[in-house]
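Student: I have a model open and some terms to sort out. Can we go through them one by one?

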Amino acid sequence: MQVRRISVAAAAATAAVLFSAPLASAVEGGVVSVTPSSARPGQTVTISATGCITASADAIARAYSDAFPTATLNASAGSGGSVTGTSTVFSGAKPGTYTVNVVCDIKNGSGGGKGTLTVLGKGNPMPHGGARTGLGGSITSGSAGETALGATLVAAAVVAAGAYGRRRRASGTR
């Protein structure tokens with residue numbers, strides 16, 4: 001009797017595996033694309049996937065990668081199983097090729113596919129502002145009060161120098 005139970009259980013397990021394999025492969029055949037396919041850190045990318053036809057109307061699709069935060073992908077009306085969403089490449093992402101995994105229904109882990117995203121180097125930043133050439137605080141903009149104080153001190157120095165020069169001429173020493 002025990003042999004018969006084991007045989008029936010083994011046959012049921014084998015049938016379950018054989019009949020579920022075609023369904024899983026049909027759902028897993030989605031195509032994932034990332035636009036642009038090459039992006040720099042801080043750049044926004046669009047993730048699209050096809051083949052996300054699920055039995056659940058409230059299914060939530062997500063895209064996962066080490067290059068960007070998890071992105072929620074949404075289906076539009078009449079999309080036929082296509083989902084789309086956006087994410088921004090991490091500012092500290094290192095150059096290289098990253099895998100992008102899409103799961104069509106995160107509640108039951110069904111469906112999805114894989115794609116790639118190439119992260120480019122930061123490149124040469126565009127210069128902005130003046131060159132810092134050692135002029136001290138004169139590079140930064142000051143307040144109107146600081147400018148008035150500076151002008152007053154310069155005027156006082158000119159007046160003092162003129163008075164000193166007149167006094168020296170009057171005394172006959174040069």
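Student: Which residue in β6 stands opposite I47?

Tutor: G85 in β6 stands opposite I47. Before we go on: this is a predicted model, where local features need pLDDT of at least 70, side-chain atom pairs count only at pLDDT 80 or more, and totals for chains, interfaces and linings use all residues. Residues are numbered from 1 along each chain as its sequence is written, and side-chain values use heavy atoms, with hydrogens and water left out.

Student: What makes β3 and β6 a pair?

Tutor: Two strands pair if DSSP finds at least two bridges between them. Strands themselves are DSSP runs of E, at least two residues long, numbered from the N terminus. β3 and β6 (residues 83-88) are joined by six bridges, so they pair. They run antiparallel.

Student: How many bridges link β1 and β3?

Tutor: Four, also in the antiparallel sense. There, T35 stands opposite T46 in β3.

Student: Which side chains of β3 are buried?

Tutor: V45, I47 and A49 point to one face and are buried.

Student: Why is S65 called buried?

Tutor: Buried means under 20% relative accessible area (exposed is over 50%, partly exposed in between; 1.4 Å probe, protein chains only). S65 has 15%, so S65 is buried. S65 is found in the loop between β4 and β5.

Student: Which residues does S65 touch?

Tutor: Contact means heavy atoms within 4.5 Å. Not counting residues up to four places away in sequence, S65 touches Y98, T99 and V100.
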